[in-house]
Structure formats: C-alpha cells, structure tokens
Amino acid sequence: MSPADNAGLEPGSREWVPDLHSYDHIVVNSSGGKDSEVQLDRIVELCDRYSVPRSKILVVHADLGRVEWPETKELAQRQAQRYGLRFEVVKRTQGDLIDEIRDRHVTLSQRNADAAVLAAA
C-alpha cells in the first residue's frame, strides 16, 4: 500500500476519516433517532480527537410535519445541546411530507394517464 492509499486512514486502523479541518462547516442531519444520535456522537468524537472546533458542526433537523412524532424536534435539539452544538430546523415551504406525497401521486397519475392516451393513439 502506498502512502497515498493511507490518506484519511486513522493510525493503526483501516478506518477512513475525512480531513475534517478542510471543511468550513460540518452539517449533520438529525432525525432525533438512535442512528442520528450515534452519528452525532461519532462526529463529535472525531472532531475532538483531531482538534476540530465544535463550532464548525451544525445539527439540522428536517421537520416532516404531520407524520413526525410530537416531541421529535425537541429530542434532536436536546441531542445537539448535549454537545453544545448549534441546532436549526428546516421545513418545506410548500407543505409537509403528506402534502409532498399527495402532490407526487397527482403528478405521477397524470403522467400515466397522458402515457395511456399516447399509447392508444
């Protein structure tokens, strides 16, 4: 293995780690669930290990609207606060996930109807 092959590998392991210093921001999507919590824990661990300031980390929660459990945003926020990280919530301006699914269904149904008309012609 050449030295270039080892770029990004942690010393003594085969685990690849990105050059966290090269990023202006490290944006972490968080659903508030256990996988997001483990991901956040790992990113903070790596930033601390490689002396990357936690101020570079931004935790973002995508609000899905009506399909989300009532306290999901608060849980994601508490997970970010535990590490002293910035936290932001983003939300679709066109409606929530249910609206997106409904709109997508209408669009695809119309495409299928149009295709059927063309095929019959």
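Predicted model: local features only at pLDDT ≥ 70, side-chain atom pairs only at ≥ 80, totals over all residues.
View 1. Among contacts between residues at least 6 apart in sequence, 68% connect residues at least 24 apart.

**View 2. Order of helices and strands.** The chain contains three helices and three strands. Followed along the sequence, these elements give the pattern β-α-β-α-β-α.

**View 3. The open sheet.** Three strands make up an open sheet, arranged in the order S1-S2-S3 with parallel pairing. S1 and strand S3 (86-91) are the edge strands, each of which pairs on one side only. On average, and with direction ignored, neighbouring strands of the sheet are turned by 30° against each other. As a general point, the strands of a sheet pair through backbone hydrogen bonds, in either a parallel or an antiparallel manner.

**View 4. Strands S1 and S2 with helix H1.** S1 and S2 run parallel and are joined by four bridges. Within this pairing, Val27 stands opposite Leu58 in S2. The path of the chain leads from S1 through H1 to S2, forming a right-handed β-α-β crossover. H1 lies across both S1 and S2, and its direction is at about 160° to S1.

**View 5. Strands S2 and S3 with helix H2.** Six bridges connect S2 and S3 in the parallel sense. Leu58 has Arg86 as its bridge partner in S3, and from S2 the chain crosses through H2 to S3 in a β-α-β crossover that is right-handed. For Val59, the bridge partner in S3 is Phe87. H2 packs on the sheet, where it touches S2 and S3, and its direction makes about 155° with that of S3. Why is S2 described as largely enclosed by the rest of the structure? Six of the seven residues of S2 are buried, and S2 is therefore largely enclosed.

**View 6. The largest nonpolar core.** This core has 17 residues, and those touching the most other members are Ile26, Leu40, Cys47, Ile57, Val59 and Leu85. At least two core residues are supplied by each of strand S1 (26-29), helix H1 (34-49), strand S2 (57-63) and helix H2 (72-82). Which element gives the largest share of this core? H1 does, with five residues. In soluble globular proteins, nonpolar side chains tend to be buried together.

**View 7. The surroundings of Val59.** Val59 is one of the core residues that touch the most other members. Apart from neighbours within four places in sequence, Val59 is in contact with Val28, Ser30, Leu40, Ala80, Leu85, Arg86, Phe87 and Glu88. Among these contacts is Phe87, the bridge partner of Val59 in S3.

**View 8. Ser36 in helix H1.** Ser36 has its place in helix H1. Is this residue, Ser36, buried or exposed? The relative accessible area of Ser36 is 10%, which is under the 20% limit, so Ser36 is buried. When residues up to four places away in sequence are not counted, Ser36 touches Asn29, Ser30 and Ser31. Ala76 lies 40 residues from Ser36 along the chain, and the C-alpha atoms of the two residues are separated by 8.5 Å.

Conventions:
Residues numbered from 1 in each chain as written. Heavy atoms only, no water. Core = buried A, V, L, I, M, F, W, Y, C linked by side-chain atoms within 4.5 Å. Buried < 20%, exposed > 50% of the residue type's maximum accessible area, 1.4 Å probe, protein only. Contact = heavy atoms within 4.5 Å. Pairing = 2+ DSSP bridges. Axes fitted to C-alpha atoms, helices over the stretch in contact; angles between N-to-C directions. Right-handed = clockwise from strand over helix to strand, strands pointing away.
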